[in-house]
Amino acid sequence: MREEVLKVLRCPFSGTPLKVDRSLKTDAEGEIEIGILSSESHRFPVLGGIPIIKPARQTASLLRLIESGEPEQALLVALAPPFPRGRGARYLFRTGELLRLRGLVRAIETYWHARVKTSIVNSACTFEESLYFFFRQSAWSTLGPFNYFFYRRSDPTFLAGLALMSVIGHDGLLLDLCCGVGPFTRTLAQHRDPTTVVGFDEFFFLLYLGKRFLAPHVTFICGSANLPLPFRQREFTYAFCSDAFFDIEGQWGCARELLRIVDERGVIMLVHLHNPLWPHSYRGSHPLPARVYRNLFESRSPKFFSERTLLDDYIA
């Protein structure tokens, strides 16, 4: 993380500026690899060059490890696959059985941290191998997300997004909201100064792969789109979000945040919005009708474009 990024960052809880509390490791270019940022109210870890700007309950263990001289362990914890979800996990939490299985859970965590260390951190594995490890070998144990991220650039919806990207200039800062592993982030960084591109997503592992393999000079920030976005007002000229806005629970709040951080003369682009009135293989968590999307950004006089038309024009 470049220290000049601090100029545009704000704490999402107090709205106050962030500063470097500790810088424990920097790379050859002087960017912070491991450290701690602080505001008037909160402290946030920086791991793998990525600030994790999340609520205290989600960062407390990482901060403790960094402060106790175990930054490598903190990185392993941040990279570890999630605990299995589903009826079994809900039953354990509901009945308290998980407390009696604490030793087993810790053993599983230790096992996964060792797997992450050998398979990801200390390995010369490829992007494909790293992505496969997380989505197939982890608790998620599914190839769906792996196929989505690995083959994303061949998806027609990605090509439609490329068509819209043609209106993006080289001026100002650009935010790629819910960027995932960074397929669009990489493309955006190839057509402008990569230090003017910011990728934002809630999944640290995906951002870690994005910074390691796809866009090493881009600023990636880990945080939640359901919270106030951790940026100063009117800092961005462009905001881009592809195939993700409908999965944000607080879309009204997120829309207001985008309107706050993007300059009034700037452009906000939401690509591939799911509509509950139209059948789709993946409906999304919170799809909205077109009229509601329009109302969210009414102050900017939003325009809608047919994805089919964009795709046909791009291919032609």
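Buried means under 20% relative accessible area. The model discussed here is predicted.

Q: How many disulfides does the structure hold?
A: A disulfide needs a pair of cysteine sulfur atoms within 2.5 Å. The structure holds zero disulfides. For Cys222, which is in no disulfide, the nearest cysteine sulfur is 9.5 Å away and belongs to Cys179. The number of disulfides is zero.

Q: Which residue in strand 2 is the bridge partner of Thr26?
A: Strand 1 (residues 19-26) and strand 2 (residues 32-38) run antiparallel and are joined by six bridges. Thr26 has its bridge partner in strand 2, and that partner is Ile32.

Q: Which residue takes a positive phi in the hairpin of strand 1 and strand 2?
A: Five residues lie between the two strands of this hairpin. The positive phi, near 85 degrees, belongs to Gly30.

Q: Where does Asp243 lie?
A: Most residues other than glycine have a negative phi. Asp243 is not a glycine, yet its phi is positive, about 55 degrees. Asp243 is also buried, with a relative accessible area of 15%. Its place is the loop between strand 8 (236-242) and helix 11 (251-261).

Q: What is the phi of Ser301?
A: Ser301 lies in the loop between helix 12 (290-296) and helix 13 (307-315). Although Ser301 is not a glycine, its phi is positive, at about 50 degrees.

Key:
Residues are numbered from 1 along each chain as its sequence is written. This is a predicted model: local features need pLDDT of at least 70, side-chain atom pairs count only at pLDDT 80 or more; totals for chains, interfaces and linings use all residues. Side-chain values use heavy atoms; hydrogens and water are left out. Two strands pair if DSSP finds at least two bridges between them. Helices (H or I, at least four residues) and strands (E, at least two) are DSSP runs, numbered from the N terminus. Buried means under 20% relative accessible area, exposed over 50%, partly exposed in between (1.4 Å probe, protein chains only).
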